[in-house]
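Okay, thanks for staying on, everyone. Let me put the model up and then walk you through it.

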Amino acid sequence: MFKRMMTPFTKKLIFTLLSLSFFLVLHLLFTHHFKHPTQLSPMLYPGLTILLMVLHLLIACLLFMRVYCDSKRFYLVAIASGFMGSALIMTGTLASFPAWFTNQAAGGGNYNDAAIFMLFRHIILASMCSCTALFYALRARIDGTIMRLTCFIWVIGATLLLMTLGYLYSSYNPMLSVMLIDEYSLSWQALWQNKIAYLMIAMWFASLALIIHFSHLKNLLWLGLAILCVGDIGTLIIMLSDPHTNSLAWFYSRIFETVSALIILLVLLCDVFQLYQRSYHKYQISYHNSLHDTLSGLYNRRFLFEHAQHALKSASAEKPVSFVLCDIDHFKQINDRYGHLQGDKVINFIGQLLLNAVRSHDVAARTGGEEFVLMLNGTSNVNAMNIAHRIKSQIAGQDARSSQGALPKPVTMSMGVYTVTEANCTIEECLERADQAMYRAKKEGRNRVVNYH
Ligand SMILES: Nc1nc2c(ncn2[C@@H]2O[C@H](COP(=O)(O)OP(=O)(O)OP(=O)(O)O)[C@@H](O)[C@H]2O)c(=O)[nH]1
């Protein structure tokens with residue numbers, strides 16, 4: 001019932017509501033408990049920066065792995081590159097605050113450099129989000145090796161270029177360095193407050209629009225990317241709300257950004273889990289099919305041979321292994337008179353009857369058209385003959401009514417029995433002898449069991 005209610009739409013709705021409520025709870029907790037940055041631990045900001053860097057690195061690795069495992073998702077290479085660039089450029093943020101690595105975590109640092117690296121991180125991520133949506137829209141065209149290689153080089157090149165620009169605009173290169181934060185008042189400059197922040201918000205809105213337009217948020221991954229855009233728009237709005245870098249907004253926006261990254265990570269982990277679940281299910285089906293005959297549901301010849309090899313190695317007078325080879329009599333007549341489909345139903349019915357007639361550690365296999373083999377472990381020749389007689393009578397006693405139409409008329413079986421009482425007899429020899437006995441049963445008038453002598 002719960003599973004039936006979880007349609008793709010409900011899943012997406014729950015995910016969106018949970019993510020937005022998470023942001024809301026965070027907002028209420030933060031604004032209720034903290035009024036001034038001095039209340040916060042000096043380790044909070046560096047701690048969050050390192051956590052964010054690790055999260056982005058992890059997300060990038062998971063996305064690259066996803067692309068590597070499933071080439072149909074090549075379009076994710078853009079956002080993978082974006083997260084990789086974001087994680088790498090954060091090393092610059094860490095380097096802007098050398099005091100974080102000593103015993104004076106609260107000590108000052110280069111706030112302007114930190115702001116420039118943050119700006120370029122936003123540019124990289126927002127542009128790569130848009131790129132992902134565009135790659136997705138053009139996925140039918142991006143399918144050759146050359147096309148993919150070109151796109152790959154393009155996204156990696158663009159990310160590296162933006163990272164380099166980030167370093168060039170920071171204090172590492174005094175020629176280009178811009179001032180986003182005033183060194184004395186430690187507050188955002190008008191350039192940021194009036195222009196760049198709004199441009200960045202517009203950039204994130206454009207990414208969000210492209211994602212919604214091209215993907216229709218068809219799965220959790222796209223929804224996660226859309227929430228990332230919303231989270232980053234929220235981060236920038238929080239920053240705009242207070243121009244001072246030593247304000248709560250400076251800390252709060254970083255928490256907001258970290259939560260967005262956590263949501264994306266959660267989506268990717270769900271994706272990996274779903275992928276594992278689906279491949280394991282497919283593996284189980286193909287494993288089952290490789291050992292079973294689809295028509296009768298019994299084991300196939302391959303399984304019988306593999307299984308028999310083990311059993312025959314330890315066969316002895318105390319641990320005999322018996323083989324019963326069963327062949328439906330005049331089966332061709334059934335096919336000719338009632339058609340192949342009806343013939344298939346007969347095979348299926350007989351198969352189920354044989355399966356129910358043996359123990360769980362015995363093997364019932366279909367080895368050819370209307371030919372079946374029972375391998376009875378630890379069963380003496382006398383017992384194997386009794387079992388074969390019982391099965392022969394059971395089959396002969398069925399008619400169209402008792403078989404609910406599976407048998408168009410009563411059918412009979414001819415059976416040959418051979419018992420191995422010494423080790424190292426091959427499965428081919430055993431089946432050959434059981435076949436000889438079955439052949440005699442056919443010759444002697446069918447519907448009978450013959451023992452190999
Ligand atoms: N419906 C159906 N028929 C099959 C299948 N595999 C083999 N057959 C048919 O089984 C028939 C076997 O015929 P024969 O080998 O002449 O044997 P028979 O008619 O049973 O005669 P005896 O064995 O001598 O009693 C052939 O007509 C095959 O086409 C199958 O998977 N489904």
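Some housekeeping. This is a predicted model, where local features need pLDDT of at least 70, side-chain atom pairs count only at pLDDT 80 or more, and totals for chains, interfaces and linings use all residues. Residues are numbered from 1 along each chain as its sequence is written, and side-chain values use heavy atoms, with hydrogens and water left out.

Now the overall picture. The protein has 14 helices and five strands. Its radius of gyration is 36 Å, well over the 22 Å that the globule rule gives for 453 residues, so the protein is more spread out than a compact globule. That radius is taken over C-alpha atoms, and the rule is 2.2 Å times the number of residues to the power 0.38. Along the principal axes, the C-alpha atoms fill a box of roughly 110 × 50 × 45 Å. Of the 453 residues, 48% are buried. Buried here means under 20% relative accessible area, exposed means over 50%, and partly exposed is in between, with a 1.4 Å probe and protein chains only.

Back to charges. Side chains of opposite charge can pair when their charged atoms come close. I'm calling it a salt bridge when a side-chain nitrogen of Lys or Arg is within 4 Å of a carboxyl oxygen of Asp or Glu. How many salt bridges does the structure hold? There are 11.

Next, Asp70 and Arg66 form a salt bridge at 3.6 Å, N to O. Both of those residues are buried. Arg66 and Asp70 also belong to a salt-bridge network that takes in Asp271.

Then there's Asp362 with Arg359, where the closest N and O atoms are 2.9 Å apart. Asp362 is buried, at 6% relative accessible area, while Arg359 counts as partly exposed at 37%.

On to strand E1, residues 321-328.

What does E1 pair with? Pairing needs at least two DSSP bridges between two strands. E1 runs antiparallel to E3, residues 371-377, over seven bridges, with Ser322 partnered by Leu376 in E3. E1 is also antiparallel to E4, residues 413-420, and eight bridges join them. There, Ile328 has Met413 of E4 as its bridge partner.

Last stop, the surface. Phe273, Tyr276, Tyr280, Tyr283 and Tyr287 make a nonpolar patch of about 610 Å². Patch residues have over 30% relative accessible area and no salt bridge; like charges are joined within 9 Å, nonpolar side chains (Val, Leu, Ile, Met, Phe, Trp, Tyr) within 5 Å. The areas come from the Shrake-Rupley method with a 1.4 Å probe, and for residues only the protein chains shown count as cover. Tyr287 is in helix H9, residues 248-291, and counts as partly exposed at 48%.

Technical notes. Helices (H or I, at least four residues) and strands (E, at least two) are DSSP runs, numbered from the N terminus.
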